[in-house]
Amino acid sequence: MGNRACMAFLSALSEAPPLCPACGQPMSFLERRSKTLTTLMGTDSFSRSYYLCEACGQHHMPKDHLLGVHHTAFSPGVRRAVTILSSAGSFEWTSDVLADVADISVSAKECQRIAEQTGEKLICEFEARKNELWSSVISAQSNLNDSVCPPEKTIPAFYIEADGTGIPMMKRETAGRTGKQEDGSAKTREAKLGCIFTQTKADEKGDPVRDPKSTSYFGAIETAELFGERVYVQAIERGMQRANRVVFLADGAKWLWNIADLHFPQAIQIVDLYHASEHIHTLIRKLCSIPDQIAELTDDWIGALKQGDIEVLTAKIEAYPAPDHLQDEVKREINYLLENKERMRYAKFKSQCLFVGSGVIEAGCKTVIGKRLKNSGMFWSLRGANSMIAVRCADLSCNMDIMGAA
Ligand SMILES: [Zn+2]
């Protein structure tokens with residue numbers, strides 16, 4: 001059906017006189033009004049009936065609600081297309097693709113508005129689910145009894161990873177905040193990103209394998225406290241209660257371990273092995289400049305780290321004759337290792353067939369956030385950034401559908 005015929009069809013769709021959505025009284029027909037609508041077939045107008053409630057003064061156009069175009073000039077199909085494309089590329093690119101491929105005219109500004117509305121809808125939906133979960137947790141605690149069966153454990157290993165990554169912001173969004181610029185100001189704000197995936201199998205070498213299509217992402221520019229609640233809600237929704245083992249993997253930032261302690265006391269906590277190794281490599285390069293010695297120290301210290309013999313490793317570091325000006329640095333590294341030693345029992349974790357690297361979230365920071373929100377020349381408002389983070393996460397997660405929200 002061509003666009004003209006489609007619009008004629010929409011205009012001819014019969015409408016029974018509605019009841020007032022505000023007071024429930026029958027409404028009176030006022031007039032026909034035309035509306036310009038952009039659908040996947042192009043832009044044209046159709047007409048629909050405009051009703052008035054004589055009892056309470058409410059106006060209503062039932063056909064707009066029926067078609068899902070109330071307060072918008074774009075069909076649900078166009079809004080879906082815009083959101084999906086805007087998740088992949090810039091709003092300008094989205095506008096160009098729609099014009100080139102489908103001969104549909106939606107300006108970059110309109111694409112941005114549509115995609116961000118979808119993001120805001122996803123954010124609201126999450127808030128609603130969170131509130132619902134909170135109230136069910138509270139009511140479950142108040143009538144806890146012994147007859148409640150624990151859920152069947154069907155997930156062998158359930159992983160939670162989290163990290164932070166900077167997003168370039170508009171000036172007004174960083175005013176007064178301290179950051180990494182030379183004058184102490186900030187150009188970026190940290191988005192916190194989390195992911196969840198499961199693991200059932202190992203490969204022929206005995207290394208753990210991430211279950212296909214099991215990864216979901218979630219995040220926002222928000223406080224650690226709110227992010228912690230976000231991670232918890234997502235973990236419950238992904239079925240953490242059915243997991244035999246829960247693993248919390250991160251790079252070692254304190255705020256992340258605080259979240260793990262508060263919301264996931266049952267979890268095995270693991271510091272990303274590569275991150276811990278980087279600490280050791282950096283220290284060795286500072287302590288020593290002779291290539292042969294560097295190689296020897298690296299073998300020795302990284303070897304101890306991989307074994308998870310943190311007490312042995314720190315004794316080796318302590319025994320090394322460090323020059324005076326590096327004493328503080330050496331102490332700091334030893335403290336870092338000792339503070340995290342139980343999170344660095346790598347040989348034990350490997351023997352339990354667990355992942356010891358947080359590569360999934362590091363890749364996630366690049367693909368989910370970086371690829372879409374950190375391109376050169378991009379500066380975000382807080383609202384815009386959080387909307388698009390929500391869209392990206394929904395787009396790239398195994399358990400979400402942006403189609404539903406668009
Ligand atoms: Zn009324």
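Trainee: What geometry does the site of the zinc ion have, and what are the angles among its four donor atoms?

Mentor: The zinc site is tetrahedral, with angles of 99 to 120° among the four donor atoms. Four donors count as tetrahedral if all angles lie between 85 and 135 degrees. For four tetrahedral donors, the ideal angle at a metal is 109.5 degrees. Keep in mind that this is a predicted model, where local features need pLDDT of at least 70, side-chain atom pairs count only at pLDDT 80 or more, and totals for chains, interfaces and linings use all residues. Residues are numbered from 1 along each chain as its sequence is written, and side-chain values use heavy atoms, leaving out hydrogens and water.

Trainee: Which residues coordinate the zinc ion?

Mentor: Cys-20, Cys-23, Cys-53 and Cys-56, each through its SG atom, at 2.2 to 2.3 Å. Donors here are N, O and S atoms within 2.8 Å of the metal (3.2 Å for Na, K and Ca); water is not among the atoms, so sites may look incomplete. Along the chain, the zinc donors follow the spacing C-x2-C-x29-C-x2-C. Cys-20 lies in the loop between helix H1 (3-12) and S1, and Cys-53 in the loop between S2 and S3, so the pair ties together parts that are 33 residues apart in sequence. Helices (H or I, at least four residues) and strands (E, at least two) are DSSP runs, numbered from the N terminus.

Trainee: Are Cys-20 and Cys-53 buried or exposed?

Mentor: Both Cys-20 and Cys-53 are buried. Buried means under 20% relative accessible area, exposed over 50%, and partly exposed in between (1.4 Å probe, protein chains only).

Trainee: Now the strands. How do S1 and S2 pair?

Mentor: S1 (residues 28-39) and S2 (residues 42-52) pair in the antiparallel sense over eleven bridges. Two strands pair if DSSP finds at least two bridges between them. A hairpin of two residues joins S1 to S2, and Phe-29 stands opposite Tyr-51 in S2.

Trainee: And which residue takes a positive phi in the hairpin of S2 and S3?

Mentor: Gly-57, with a phi near 85°; that hairpin has six residues between the strands.

Trainee: Switching to helix H12, which residues are buried there?

Mentor: Glu-329, Val-330, Glu-333, Ile-334, Tyr-336 and Leu-337. They cover an arc of only 160° around the axis, which puts them on the same side of H12. The arc is that of the directions from the helix axis to the C-beta atoms.

Trainee: What sits on the face turned away from the buried side of H12?

Mentor: The exposed residues Asp-328, Lys-331, Arg-332 and Glu-339.

Note on methods
Tetrahedral: all angles 85-135°; square planar, octahedral: opposite > 155°, others 65-115°.
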